Structure formats: C-alpha cells, structure tokens
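Me: I'm new to this one. Could you show it to me and walk me through how its parts meet?

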Amino acid sequence: MLLITCPYCGVAAEETELHGGGEAHLKRFGPDSSDDDFTGYLFHRENPKGVHFERWRHVNGCGKWFHAARCTNTLEVFGTYSAQTTEPPKDILDTIRAKRPGFKWRDIA
Amino acid sequence: MSDVALALGGATFDGLVKIEELAHGMITLRGDLTDKAIVAAVKDVFGVTLPGTRETAFAGSTGALWMSPDEALLLCPYDEAQTKADDLAAKLADAHALVVNVSDARAVFQLKGRMLREVIAKLAPVDMSPDAFTPGMVRRTRMAQVAAAFWMDDASTARVVCFRSVAAYMFGILSTSADDAAAVNHFAG
Amino acid sequence: MSTRVQTQGRLINRDRPVSFKFNGALMKGYQGDTLASALLANDQMLMGRSFKYHRPRGVVASGSEEPNALVNLGEGNRFEPNQRATTTEIFHGLTATSQNHWPSLEYDIGIVNNVLARFLSAGFYYKMFIHPRPFWKYVYEPFIRHSAGLGKAPDAESRDEDRYEHFYAFTDVLVIGGGVAGLQSALTAARAGAKVLLLEQTAHLGGRAPVDGGTIDGMSPEAWVEKARAELEALPNAQIRTRTMGAGVYDHGYVLGYERLTDHAPEVAGPRHRLWRIRAAQIITATGAIERPLSFAGNDIPGVMLASAVRDYLVNYGVSPGDRTVVVTNNDDAYRTAIALVQAGLKVPAILDARPQGGGALMDEAKALGIRVETGAAAVKVKGAKRVHSVCRGVQAGEGEVLEEIFCDAVAMSGGWSPVVHLWSHCGGKLTWDADQAAFRPDHDRAPTSHDGNPFVIASGAADGAFHLKDVLQNAANAGKTAAGRVGAEEGDSAAPSGDAPDEAPLVPVWMMPQGAQKKLRMKAWLDYQNDVKVSDVQLAAQEGFESVEHTKRYTTLGMATDQGKLSNINGLATLAHALDEEIPCVGTTTFRPPYTPVSMGAIAGEARGEIFQPIRKTPMHAWHEANGAHWEPVGHWRRPYAFPKSGESVHDAVKREVLATRNSLGLLDASTLGKIIVKGPDAGRFLDMLYTNMMSTLKPGKCRYGLMCTENGFLTDDGVVARIDEDTFLCHTTTGGADRIHAHMEEWLQTEWWDWKVWTVNATEQFAQVAVVGPNARKLLEKLGGMDVSKEALAFMEWKDGTIGGFPVRAYRISFSGELSYEIAVPANLGRAFWDALIEAGKEWDITPYGTEALHIMRAEKGFIMIGDETDGTVIPQDLGLDWAISKKKEDYIGKRAQARSHMTDPKRWKLVGLETLDGSVLKDGAYAIAEGTNENGQTNTQGRVTSTYHSPTLNKGIAMGLVLNGPDRMGEVISFTNGDNPAKKARIVSPVFFDPEGEKQNV
C-alpha cells in the first residue's frame, strides 16, 4: 500500500487517506477548442511504465490536491509538489534525471 | 437553549478509556492562515494565535486547530459559537475569508485514560506512539470508515471530531475498541 | 505406534492435562501440546484423507507448512474448516473432526478414487468431464462436488461469535520470525537504537535451535533464547509479539501481522484475532527454512514424516511417532533425528543416506551410537496402508530393485532445506539458485524497493540460506546492523554470539528416489500431498507441453490450496526442470503471494460487523422516524424513511396516503440530507457560472434559482437550488447523495484549475436540519407557530429569508419539489428534533402527515421534475431532458459546455424526455424498453427508448411514467410499446412529462 507525503500538511499518508486523480498537468480546452484538442484533453492519457506525474488528493486529511512524481514500475516516489503549477518543478525533475537518466514524459526529458 | 439535542444525547462509555460525547462550539474558518488581518481577528475573538501546520493552540475554553493551509477549526463553548462566529465574520468583513458555525455539524467525543493511544491506533492509520504524536498536535484522518480529526489535550485526554450523522458509528467503533478485554499494551507508558 | 514418551517434551506441562475430542472420541493431552502432537500421543496417526484420492494421510510436518493434518475445528458458531493441527494449540473442550472422508475417516468410500487414479491424472477436470455434455449436470458435477473441496463451509445459519480488530503500528525495523536469527537481528538493531517490533507466529521463541542443539556463546540455545528475550523486553525501543504471524509484505513497507489472541484459550474475553497493519521502514525476514520431503513411492503413507518434524515431536512434546523409525536422507541434518530417537531409547533400524560418501561428524556420532548407516541407499518404496509397515531399501543410483525390506512403523525423511523466501518475495524480492544447498535464496542485489527507491527487506539466518548455527547468528547480526544503519540509528555493532555445532558434509540433491524409478513407483511418489499431485503428474504436464511453471501449477494443481506448496514447491520445480531437460533456475518459481498462511475473514473484517459494519448516516430526526415506523431506504450511507406505514397498513398504501394528505392538506419531509455548500468570495459568482449550466452570477441576494451541474464530459451530474445569501456568498443545495461529491468537485476545480480565483467553500450540510413543510396548509402551520412573515408578499416563491418560527432560529426557503405551496426550513441540527416535534404538534389540526422518499418521488414525477439517478445515469445531458431553459446561452463557458457541442451530443437522434401513460392506466416496469421495428445484428429486438421513472400516481389514480424516447417531444400522442418482463408488451401514449398542475397554480400562492 503506497505511502505518499502530502506537501501541504507534511503527513506521510497511506493510500487509504488519499484519492488518486490520474494524470497531472492537463491543459483544459474549452468551448472554442478544436475537436482534436478537446478529445486529447478529455480522453488521451499517458500510460508510462516508468516515471509518471500524477494528481492525488489528501482526501482523508487536509483535503488538498497535490502532484506526485512516481515510477509506475517500481512505485518509487521521486517527490510531491503543489497542484498549482502547470509543469513539474525543477528540483523534482533534477531528482528524476539523477535516478532515471534518459527518462521522457510527454515533451519533458 | 434547552431544545439542544446532541447527536447521541451526551453518550458515555467506560472501558480502556472513558468516552463522553461533548457539546462543543466549532467554527470553520477558510482563509489564508498567514494573513495578518485574519491572525489578528482570531486572536481578538478566540484569544489564540493561529497554530502552525498540524498544531493546536488553546487559551482556556477557546482554541484553534490547523486543518489545512487555508482552514482552521476554531473552538469555544457551545453556547458562544454563533456569537463568536458572527463577531469574527464581522471583523473579517473586508478580508477574503469564510466563517461558518459548524458546531451542530459535528460530534465530539472526549477520550480519557491511559490507553487512549491504543484505542485510536485501532482505528486510524496514524502513528500514535508517544514519540510520534503528542499533545499540541492535531491529525485529520480516517477512523475505520469515516473522516475524523483528533488531538490530545494532555497525556490522558484526547478529543475526536466527526460528522454528526455518523456519531453513532463513531461512538460504536470507539467503544468497541475501548473494550476492557481488548488491550494491546503496545505503547510504553 | 505413536505414543507419549516419559522423557523430553520441553513445551508441554505434564502437570496440566487437557482433554479434547477428535471425531467424537475423548482424548488427553497436555497444556502446550499442539493438536497434532496430542493426536500422535493418542496413537492417532491417521488425521485426514487426501483431497482427490481420499488416501489416508497422517501428519507430515510440525509447523505451518503442514499439508495433511487439516481439521474442522469447533462447532456451531465457532466452526472453522481447514485448520492445521500442527499450529492449533489444544485447550480443554477442543473438538476437532477430520476432513475429506465419507462415511468415516477409517472407512472411506471415496478411496475407490484410488482405483480410478489413472483417470484422475494431471488436468483431469479438463479432460474427463467434458463429454457427454448432459453428464456434467447429473453425474460429473455432483460427483466432484461431493468428493472435492477442502473441508466443509460453516453452516449457513451459524454466526461467528467472536470479535476481531485491527491495530496500526509503526516501527523502524520489523523482524518477522522469533528464532535465534530473528532474536539476534532484533537485538543488533535495537541495541543500535532503532525502534524494533518482532513477530513470532508460534507461542514460543527460539525456532528450531532448541531442538537442533549446539551452543551459543557456550550456552544451550534455550538458555540463550531466554537471555535474548529478557534483553529485548527490557529495552524501551523493542517489542515482541508471539502468536503473531507476518502474513504479507506489501508496497512501501506495509506489512500485515496476524495475531491469534484466544484461539488457544477461547474462554478468555476479548478479540479472537487482531490484524496488525504495520508500516516499517525496514523489514527483516527471519522466517527460517522448511525441510523438503523426498520423492519415493509411498511417501504419503501415514508415518512417513519430515525428519525435523519427528525430532520436534520428540523433543518439544515428548511424543514418538513410532517405535522403529527408518531415516532416509540426502544430508547431515536428518542424522540429528536418528541420534535423538536412539538417545530417547527408541529404535532406528537404519539410516538410508542417498549420498555415496555419506555424511560428516553427525554420521560418525550416529555410528558411534550403534546406528546402521547405508550410504548410496534409497527408499525404493514404503509399504503400508493406514500406517507404515516397512521400507524397501535399494540403491539411489538404480531403478528400484529391492535389496531389503526393513520393518518399521515410521519413516523420517529429509531432502534438504529450503529457505522460507515468501515474505522476501511478496513485494518483488528476487531469488538466486544456490546449487550447494539445492535451494532458492534471496538475491541481495535485487531486494524489494520502497517509496524512496531503496531496499526495505533484508533476509536473516536460515531464511537467507545460512544454515550452520555459527553462520545463522553472524548473518542475523549483519541483517540487524544493516537495518539499523538504513533507518539512521547509530552505527550498530555487528558482533555476533559464537555458535557452535558440528560441521556438516554437503548434501547431494535428490529429486527422485531412486533416481531411475520406474513409472509404477513414480505414480506413487507424491510431490504435493494436499492436492494429490505426484511426480508422474508433473512429468505428464511437461510431456503435454506445459512448460511454464505457472501453467503447470494450474494444470496439475501443484502448490495450490491452503499450504501453497510450502513442501512441494522445490521438488515440483526440480521434477518439471528435469522433465523439460532444463536447469532449475531456468524454470523459476511460481509467484509467492500473501498471506503466508491463511488469515481468518474475521481478522480482515476487523471491528466491522453488526451495528458498525458500515457507517449509517442519521439525520437529527432519525430517532423520531424510527419510533414512528419508518420503512427505511438507503441513500448512499444515509437512511431515509421511504414511507411511514401505520400499524396494519402496507407500505404501498402508506405512500398513497402520504401523497394525498400532502396534496390535500399538509405534509412534512425530513430534507436534512440534501447537501448545503457555502461558496463565498469575490469570484464566487464567476465560479458558480462555470459550475452550473445556468447563470448564477445574476441571481439577486434573497433569491433562489434551480441549477444543473455537469461533468467536463457534458453529462448531468447533480442539480439543486442555489440561494444567494449576499453579494459574495451563495448556498448551493445538492442532492442527498451528492454533497460530498459536489463539494470535492468544487474543491478540485478551485485547487487545480482556477487557483487564482478568490473563492472559499464549506460543506455545511450537517450543520442544519432541514424540513420541507408542504401542502395547501403549509403557510397556516407556520403562521400558527409564529415569528417571521411567511406571506406570499414577504416570502415569494423562489425567495429565502432568515428569521424565527415558533422561537427557533430558521432560514426559510420558498422552494417546491412537489408543486405544492412549500417551505424548506433550515434550523441548526441540534434543534432539528425539537423543531420537527413542534411542527408535528402544531400541525395536528391539519392532520399533518410526515412523508417519505417514495411520496417525494411520486409528487415530483407528477410535476415532471427530473431526479438525478433516475432520469440521469451518467450518459444523459441536460438537453436530453428538455432542460435547455436552464442552460445559459449567454455564457462563454461552463463545465461540460464544450463536450455538449461534440457531434454525438448534438445528434438529433438522442433519446429525449417525455411523459408516458399506459392505455389501461397500469404502471410500466422501471427500465422497460420502448420496442422499435426489426432486430439488430444479434437478433435482438430494436429499441427506441426506455422508462426512467414510473409510478402509480395516487393524485391522478393511474400509472404515470417518464422516459427517454427517440424524437419523443415530436411524437406527442403517439402510442408505442414497452417491454414488460415475460408478459406481453404494454402500450403507452407519449404525453407531456408534466402530469399535474401544468400552470403551477398550486405552488404559486
């Protein structure tokens, strides 16, 4: 059972306190968007065996949504960070690059 | 008002710990807890400085619990809750904050006794050992199947808060866990 | 025969006799006995029948690896099947019965399966019971059901009498296993300052060491164990839990521990089992090793046991499995059994050692005691039926020629030892093949990794492949030091106590005995006792192309069921590898899955049973409803009254009465469960404009507006009335089931998309009790109670106001879900019951009638109001329901707007909401489909719509329904047919969904 640290309250929370929210850093497309953009936003998701950026909510806790960088293969958690950002912060990326040389996720490498 | 009826009418249980349902004034404050105007207004009405992350602050019968970076649960005697909520809301009229009296939305149970850490550790995925959880801390979590928050006033007193609608469930799981014959004897002291 | 000897028995208390029953017979044992040792002491070697062939089976092992001695334990509410006699501590009054036999253990009819054995080979289910088809139902299935299955399910009427609980524990270092390795690892880690929790599955610490002998720091192992225990118990940072099994190791250091508190003492109060939910930074698996059987013909005859088990019964329980025991081995360890037996005054006619050169120091010791040792020897076969009669000796290198028949009543066999790698492997730890020990052991370079990417499991002692006492202790100390270092404790000391034991000669792997055994012998050489899998079955599977070990497992059932192949695993793999002409490591192992041994369902459920099985949410008026005969309906975790039938009244009649009373005079509904979310901030209006399809920002303070909420993919997800409290503040009502979900939905958008918007939300649902006062006399009742002005002028339809009613502080909303004059009145929850009582009392003169959810549903359907969950099912958009009026055309955006522009959403062929009236006034079936012409490609009748809500309307005294129909709104008056279960289709006319008071005259007063 996963153990993920909420960056807002600092609790190393077990999975039963958390609610998974799928892929992070989706860009919302609204009424004027093309069918392709909207379909991509609504349905298309990364499904890597390896590093993934995910949304989690500390639902049985402080209630905050946050992001986690996690390896879907080894379940290693590289770090957690604010949900109020459009891309992974540099320190998280540096950690991942050091541990997983050559990793790629969308257009992040 | 004499018509006030707690969810369980002040239920009690005596076992590994003594459990008692309490009437409790509770006010939810949503706002930036580091905002000086908000800190000052809380200090003014509740007599405490807003606590830091996962901490509690008390001044006699009033206090404050850290709930999230933008939420605090303010405590006071039950009868004073609406007045205090109105007072705080008035003081924060110009601030971006939301003050709601939630005294009736919650049930509060006091646990008293040496074994309170064990009783809680049967229900919550929280390290209740004395070196990990101490008076002065508050924890929002899950207890068995419902959301809950608890804190310790001192080494042998804790208070547990849950939603009013599940008060009977909470009382049931607490008293089951506090069965005299169910001591774990895990925590030193 | 097996019997109690007068000496030894370190774990039993001969001053405390215990009586128990086995298959109805009264037997005696001693406190400290396991059921298995006590049965042996009563000469009950036969303990069960095998699963497939119903062969007589005796106990083979002495611990949790036991495959044969499974019993039904207890009676009535405490009955439990498949309990291992070897791990069941006896107590006064214990009752056990043997399994898999009919009519009795001694005379089993199923033994005829033996005769049919050649038809029951690998894959027999797949091969035998296919043709002819009709035989399946009447012949094969009843036969299989009668003869197969381990144990009996408890009686359906029985109820577990015991209580269970969970416990969450956190530790730096968790040590699983309380043998000398576990104790040493725990000591090393705890002395370095790490917080240590040690679990031992049995009641005793020390594991095998006290039985196997040697010295530790010059002490007997028993004395050392006692010293270690005392030191650990004195340390404030160390804890020991006996009778607690480490059941499984999971991601990120999560471990389940299974504590059996009262199984050995059912008279003691308190929980029977406790499930420990442990989070450990480091886990040391000191789980020891399991001895392997040898594959020779007749190795399942009662009396053939593991050599270590024979030794355990003798030393621990003072029980001799036989007077004359032949030892068959490929290693030195089994010599310990021969020596112990002879020293206890029992006979060992011979030791058959498969190794041409024999053993080392222990062999010399045995010879010095006068025991005959045959090297390069094999047990060709064991003779006997319900009990060993003799062993036929041959040569290991041969094909099975019998050189000598040695009479005996027990056989102690040893094929070497396999480290218990289960817990290492549960979470992905990899193994390496140790050719010297002929066993898989943990590969230190491929340990399971935790959330930080670092290893978190360390194997210790025999579980790590260290078998000599000296190596065990050093290995264990190293493990303790490594664990302490990883959790940041001070640099530990890896000094280990000195272990002294005889040096051992290497073993020689023996996978078949004799190595060239003919088929006749192989068909009697069991690999898996519990599942009746023989050497010949695995060879047949290989021959038939089952090359993967996982496939072979499922095809032959090797390693399945309660023991999960603890004894059979390596022997089975080796046999498969041999048949495939592969090396053992190339074949690999099957997956080790938790739990290590079965965990009770009660422990998993924990406290969740009876009243606290799950949370039941109760409104402040719940007790009144209960006292007044509420017929309950679960709505999420809430319990809402469906109706309030009076004494002698049917539920249906009560619903009818409640509707008519409300429509004609005065009804009362507990609406407390409706969600109430407060949304405040300078951007609150803008936020609600995004959340709802309607325009909420234009709502005036003091006014209410009905709104619809969609998900981003356009589908309708919730509805409710929004009240604007002041310029910055709104109160959003949600459906009963929707409060938590919609509050989470709001927070998600605010936290993750529009985090710069200034909006706060609070879910205030439970702060208020809310009562709907409904009907033509609603206003009169409120006026009678007195307080605020509730006139049409002061509080018009779709307005709200704060004030007092009957002395209660209230917020009153003029909203209606019934089409009647209606007020929803919120009071603080703790006043809810008193307010309700006041309304009931004051309303008597109008025959005030509390109504439930069914009357609510009927009245809203009469008015054509939709219900989330009835008219919607996650595929319905507001446009389908004719709710275009509630979708703002002016807004650039709202959640779901873009999705509603997708081609499928704008398709004119989407089914649309209409009302439906049967021609005969009867009620359509819920979910019935509207039938269309022709059939689809699967030959199914085409459909053109479906019923979403259907009721008998007491007001109109006929069936009314709502449904989604192709081009429905354009087909008013048309009659179409609906499916009606197995009955002929039912005709209904398409009508407006508003059946009652279409002008709204009743609510607008």
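Reply: Happy to. Domain bounds here come from an automatic or database domain assignment. This is a predicted model, where local features need pLDDT of at least 70, side-chain atom pairs count only at pLDDT 80 or more, and totals for chains, interfaces and linings use all residues. Residues are numbered from 1 along each chain as its sequence is written, and chains are lettered from A and ligands numbered from 1 in the order in which they are written.

Me: How far apart do the C-alpha centres of domain 1 and domain 2 of chain B lie?

Reply: Domain 1 of chain B covers 12–22 + 105–178, and domain 2 covers 25–101. Between their C-alpha centres, the distance is 23 Å.

Me: Which strand gives the most to the side of domain 1 of chain B that touches domain 2 of chain B?

Reply: Contact means that the C-beta atoms of two residues, placed from the backbone, lie within 7 Å. On that basis, seven residues of domain 1 of chain B meet seven of domain 2 of chain B. Strands (E, at least two residues) and helices (H or I, at least four) are DSSP runs, numbered from the N terminus. With three residues, the top contributor on the domain 1 side is strand β9 (residues 138–143) of chain B.

Me: And which element gives the most to the side of chain B that touches chain C?

Reply: Here 41 residues of chain B are in contact with 38 residues of chain C. The elements of chain B giving two or more residues to its side are β3 (25–30), β7 (98–101) and α4 (167–177). The one that gives the most, with six residues, is α4(B).
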